[in-house]
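Please look through the sequence and the structure shown here before reading on.

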Amino acid sequence: MGFSTLLDIIGSMIIGGILLSITMRLNDAATEKTYNNSGELSLQQNLAVVAQILENDFRKIGYCSDWNKFPDPSKAIVFADTSRIIYLTDIDSDSNMDSIHYYLGPTSELSSTPNPRDRLLYRVLNNEAPLSSNLGVTQFKLVYFDAIGDTIPPPITAAGIITSIEINLSVESVAAYDEKYSSAFWRQIRLVARNLRNR
Amino acid sequence: MSGKATLLLIVGFSIIFLIVSRNFGDVSNRAVDNFINYHKETVAHDLAVSGANIAANQIFMDPTWDDGFDDVPFQNGTMDISVQILDAFKNIRQITSHGTYQGYTHTAKVVLAPSKFSKFAYYSVSEGGTIWWTGSDTVWGPFHTQDYLRAHKHPVFFGKATTKRSTIYYTNEKTDKPYFYGGYEQGVNLPLPTTAVDDMEAIADDAGFKLSGHDTVYITFDRDSLRYRFSYNAKNTVVYLPAAAPNGLIFAKDCVVRLNGVVKGQYTLGCSSIMSAGKGTIYLDNDIVFDKDPRIYPTSNDLLGICAENNVLITNNLANQSDINIHGSVYCEKGGFGAEKYDTRPISGNINLLGGIIQNTRKAVGTFGTSGIKTGFAKRYKYDDRLMVASPPFFPGTGGFEIVSWYE
């Protein structure tokens, strides 16, 4: 009886231990998956939002609701570089030209986040303070093309010859379980701002 | 007892697994929804832009078209297109195109304005035989020729270049291909009107200033006044232009005009010919310039159209032997822009043109050899950027529209 009871207790402890171990592993795996999946959802939402904002803004390069006020839209791009662009547009359709400036900040600005590669993508309207929020952007790369479709190599000294732009955007989750960062990539192969060449 | 515990354990784990898997499934669904929504918005945008393009094409084919389209099904969505006339006098039209796809709607608005020949930096029907555009030639604004574009050693075209016929290379494409920084399109047929200058007479009769009944008219723009006489030694008559030509059109019927002066305001000078090829020609006796040069005064509103039924020629006289400055858009309906006696006159410096040249047949302004200019002028043509949107009053139109603003 005593030996049998002892065997029961030992057996129960082994089975209970296995179950406990499974439960703990399950908890760990569930936490990891929840963290990563939620992070991935958040990152994909961020990517879609940034893509929509960029498309909305870039398609308006050279636009003015009163077209007489901006006679030559080919002069709309003021400065163009691989990760920075300044251009003119009437963003709020009030017939007054606004300047929009997009640029990518340094990684050191987001040293507080676990992801060492994320940066702030800034949008500056006229002379207002730069606006940004941490959406996990790790790459914002622009490639410019002329009217024939040839790539314009940087540095771009004559921005007036730009007729289309390739936009590359990568985002990563700003924090991840066990440093397994999720990433997503979006590319607008040829964004044509119609006003650049409408006359 | 142990059976119940096992059952509870299984049920408990099942519930946990169900909750976790539902959570995972929900996250996955939301991630997919996110991109489906982006896709729907993109399709709605593409539908709106497609509708705008279709409507613009209709207007290019038929400038009077304003019917629009109602809820045309396309790519599992619909396009709803309307055309509004924003300004009946200036004939400014707007296409509004709504693209709808699965609950998402996007709108594109396109404004079209009548296209004027004055927007061209250079236009010709005939290139005058075998005149070549060379590596030292740069055209800064829109370019069109109904002829071949003959290229030698990479001429540069910064504006959009179009030709009805093709490009011919002096040697081969590698050594001669032009640099088209504003794009290039061939097969574009844009004929010059044949009665545009004659048609100005009725407009001048309405609210312009008309001169007729004389073989030659000497015209001097004196800012907002116009001095004119009918013979070289006669005394000038002076008129105040805003009162004499409130619509901005000055028309000289069936005569030769000898022109110079300083222009303040926006005017077009038309010169017609009824039968004689010698008439309908405008001679530039001296500089004809703006009161305020837009390169110095960017807000300058001064504009001038110099429209001859036949030719616009730089007079071979003393005043023009040391450069000539021309501000305005030159239009030659049946002839061309050139220099009188270009092959025998002395070396005369530069033609400093700010504006554009629209001509039927390209004409020469000088001759050159290996050592440079031998007779006549060197060309220094600069496009007046304001002509992209503004035109001198009643300057001949192409009969079609052009897109001036695109919102999407």
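**Strands and chain contact**

B:Leu249 has B:Thr268, in strand S21 of chain B, as its bridge partner. This is a predicted model, in which local features need pLDDT of at least 70 and side-chain atom pairs count only at pLDDT 80 or more, while totals for chains, interfaces and linings use all residues. Residues are numbered from 1 along each chain as its sequence is written, and chains are lettered from A and ligands numbered from 1 in the order in which they are written.

S19(B), residues 249-252, pairs with S21(B), residues 266-271, in the parallel sense over four bridges; helices (H or I, at least four residues) and strands (E, at least two) are DSSP runs numbered from the N terminus, and two strands pair if DSSP finds at least two bridges between them. S19(B) also runs parallel to S15(B), residues 209-211, to which three bridges join it, with B:Leu211 opposite B:Ala252. From S19(B), B:Leu249 and B:Phe251 point one way and B:Ile250 and B:Ala252 the other, yet all are buried (20 or more other C-beta atoms, placed from the backbone, within 10 Å of the residue's own).

Two bridges link S6(B) to S9(B), where B:Thr134 has B:His152 as its partner.

The contact between the chains takes 27 residues from chain B and 28 residues from chain A, with residues in contact if their C-beta atoms, placed from the backbone, lie within 7 Å. On the chain B side, H1(B) gives the largest share, 10 residues.

Technical notes. Two residues are in contact if their C-beta atoms, placed from the backbone, lie within 7 Å. A residue is buried if 20 or more other C-beta atoms lie within 10 Å of its own, exposed if 12 or fewer, and partly exposed in between; C-beta atoms are placed from the backbone.
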